[in-house]
Protein chains: 2
Amino acid sequence: MRNQNKMRQSGCPVAFSLDTFGDRWSLLVIREIMLLGKTTYSDFQNIDEGIASNVLADRLKHLEAEGILAKHRDPDNRRSYIYSLTEKGRDLASIMIEIILWGGRHDQRPQAIRRAVDEIKKDRDGFEENIRAG
Amino acid sequence: MRNQNKMRQSGCPVAFSLDTFGDRWSLLVIREIMLLGKTTYSDFQNIDEGIASNVLADRLKHLEAEGILAKHRDPDNRRSYIYSLTEKGRDLASIMIEIILWGGRHDQRPQAIRRAVDEIKKDRDGFEENIRAG
DNA sequence: ATTATTAACTTGTTATTTGCAAGTTATTAG
DNA sequence: CTAATAACTTGCAAATAACAAGTTAATAAT
């Protein structure tokens, strides 16, 4: 794995947070679950940004170990697993929202997708409560 | 450099944000400037978490290219440069605050430093305005 | 009942990035 | 004039990531 499990023990809450969920792929997986309702390994493999299979496996394992994600069998299909956010994972909602809003403010590209940005601007609290409800 | 400059063009604001500032070292450098008043290359080299010199140079270059940091000569010492946050960089304040708060909520380690957490809890708006004032 | 397909990974290999030690250049301090 | 310092850069080994292919168990199709 990477750097995250070394836990440099600086005691800083920022470093702690980053060690727990702060890398590109972890946050994109969290986005998929939190915002796009994706739940399975194959859902994540289809992420637009294209994650490698071994890296995805590594990140899922790490996020589960950190208590951000939970993994359960799919009751309707014994070869599937369903990944979901734990309470601790849903508590990332406000960070995710701020990341989206910042992106919305500074992304000038024509292909920028504004859907989530607009939704949050319209009713931020509702958006957040919705995530936290699980 | 890494991955960040590939800009996978997914159009997603989360991916955009992560490509701009979303890796461990970038965020730790931003923490140093935003919260600890550090401004120089040698300040950053002394980060508790221990960043490699070549990686630091890479991240500073990237953050400057992305318009998060500005680099100016130190008027009092011609061999120094002073790095500072741009408006766009200071606009990361709310993300940083949420990251700190999340860390504060979930870091159970005895050595966890609560200073910033407590300050933000006491007066979040003041804390944020202070950062945004530059 | 076989065979094909799917889901979730794992493995092997190559490419990229990181970490670490040392070196460079332009100041500034003694 | 010599030693330090600031900000990098370079070289190289080690760790990670990307890419392609393979494995195993379970479901779907014939």
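**A covered helix**

Start with helix H1 of chain B, residues 13–21, which is mostly covered, with 9 of its 9 residues buried. Before going further, note that this is a predicted model. The buried residues of H1(B) include Pro13(B), Phe16(B), Leu18(B) and Phe21(B), and also Ser17(B), Asp19(B) and Thr20(B).

What covers the buried residues of H1(B)? The cover includes parts of both chains. From chain B itself come helix H2 (24–36), helix H4 (53–65) and helix H6 (93–106). From chain A come helix H2 (24–36), helix H6 (93–106) and helix H7 (115–122).

That brings us to the contact between the chains. How many residues does the contact take from each chain? It takes 44 residues from chain A and 44 residues from chain B. The size of an interface is often given as the accessible area lost when the parts come together. Here, chain A and chain B bury about 4,100 Å² between them, and 63% of that is on carbon and sulfur atoms. On the chain B side, the residues that lose the most area to chain A are Phe16(B), Arg24(B) and Trp102(B), together 18% of what that side buries. Phe16(B) was also among the buried residues of H1(B).

Next, how the copies are arranged.

Now one chain alone. Chain A has 8 helices and 2 strands, and their order along the sequence is α-α-α-α-β-β-α-α-α-α. Its radius of gyration is 15 Å, close to the 14 Å that the globule rule gives for 134 residues, so chain A is as compact as a globular protein of that length. The C-alpha trace of chain A spans about 45 × 40 × 30 Å along its principal axes. Of the 134 residues in chain A, 54% are buried. Chain A exposes about 6,500 Å², with carbon and sulfur atoms supplying 47% of it.

Last, the core. The largest nonpolar core has 74 residues, and Ile30(A), Leu69(A), Ile30(B) and Leu69(B) have the most contacts inside it. Leaving aside residues up to four places away in sequence, Leu69(B) touches Val29(B), Ile33(B), Leu60(B) and Tyr83(B), among others.

Notes: Residues are numbered from 1 along each chain as its sequence is written. Chains are lettered from A and ligands numbered from 1 in the order in which they are written. This is a predicted model: local features need pLDDT of at least 70, side-chain atom pairs count only at pLDDT 80 or more; totals for chains, interfaces and linings use all residues. Side-chain values use heavy atoms; hydrogens and water are left out. A nonpolar core is a set of buried Ala, Val, Leu, Ile, Met, Phe, Trp, Tyr and Cys residues joined through side-chain atoms within 4.5 Å. Buried means under 20% relative accessible area, exposed over 50%, partly exposed in between (1.4 Å probe, protein chains only). Contact means heavy atoms within 4.5 Å. Helices (H or I, at least four residues) and strands (E, at least two) are DSSP runs, numbered from the N terminus. The radius of gyration is taken over C-alpha atoms; the globule rule is 2.2 Å times the number of residues to the power 0.38. Accessible areas come from the Shrake-Rupley method with a 1.4 Å probe; for residues, only the protein chains shown count as cover. Buried area is the accessible area (1.4 Å probe) that two parts lose on being put together, summed over both.
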